[in-house]
Amino acid sequence: MRLRWTADAVRDRDAIYDYVEARSPRAAIRLDTLFSQRAADLSRLPAMGRPGRVPGTRELIAHRNYILVYDLTDTDVRILRLLHAARLWPPQERR
């Protein structure tokens, strides 16, 4: 299956990289490499993640602190978001 990163997921990944890089450039590179590897794993084994909290999605723990949220089409694994595990997901409707 082809691997696709949505614009939201790319923004999440960039923000995580920037945050970690400010504290440790080496750690940022290692973490970003891990994200790439875990996403590539999904292209080979797309059902390896658990059913997601949002209907139609799946979630893979990419690192103890980060979760890849993705969905599947006939041909693609789409990375929808890359979220910190402590973050509220899915976001609640604002009142």
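This is a predicted model: local features need pLDDT of at least 70, side-chain atom pairs count only at pLDDT 80 or more; totals for chains, interfaces and linings use all residues.
1. Let's start with a term: a salt bridge here is a side-chain nitrogen of Lys or Arg within 4 Å of a carboxyl oxygen of Asp or Glu. By that rule, arginine 50 and glutamate 59 make one, with their closest N and O atoms 2.9 Å apart.

2. Five strands line up as an open sheet in the order S1-S5-S4-S3-S2, and the pairing is mixed. The edges are S1 (2-5) and S2, each of which pairs on one side only. S1 runs parallel to its partner S5 (residues 76-84), and 4 bridges join them.

3. Next, the helices. H1 (residues 7-23) packs on the sheet and touches S1, S4 (66-72) and S5. Its direction makes about 40° with that of S5. H2 (residues 25-44) lies across S1, S3, S4 and S5, and runs at about 145° to S3.

4. Back to charges: how many salt bridges does a search of the whole structure find? It finds 10. As background, side chains of opposite charge can pair when their charged atoms come close.

5. One of these bridges connects aspartate 76 to arginine 4, with 3.8 Å between the closest N and O atoms. The partners belong to strands S5 and S1 and are 72 residues apart in the chain. Aspartate 76 counts as buried because its relative accessible area is 11%, whereas arginine 4, at 38%, is partly exposed.

6. Another bridge ties helix H1 to strand S5: aspartate 12 is in the helix and arginine 81 in the strand, 69 residues apart. Their closest N and O atoms are 2.6 Å apart. Buried or exposed? Aspartate 12 is buried, at 10%, and arginine 81 is buried too, at 17%.

7. Last, have a look at threonine 57, in the loop between S2 (50-51) and S3 (58-63). Why does threonine 57 count as buried? The cut-off for buried is under 20% relative accessible area, and threonine 57 has 11% relative accessibility. A polar atom of the threonine 57 side chain lies 2.6 Å from the backbone oxygen of valine 54. Leaving out residues up to four places away in sequence, threonine 57 touches Pro51, Gly52, Val69, Tyr70, Asp71 and Leu80.

Conventions:
Residues are numbered from 1 along each chain as its sequence is written. Side-chain values use heavy atoms; hydrogens and water are left out. Helices (H or I, at least four residues) and strands (E, at least two) are DSSP runs, numbered from the N terminus. Buried means under 20% relative accessible area, exposed over 50%, partly exposed in between (1.4 Å probe, protein chains only). A polar contact is a pair of N or O atoms within 3.5 Å; within protein, one must be able to donate a hydrogen and the other to accept it, and residues adjacent in sequence count only if both atoms are side-chain atoms. Contact means heavy atoms within 4.5 Å. Two strands pair if DSSP finds at least two bridges between them. Axes are lines fitted to C-alpha atoms, for helices over the stretch in contact, and angles run from 0 to 180 degrees between N-to-C directions.
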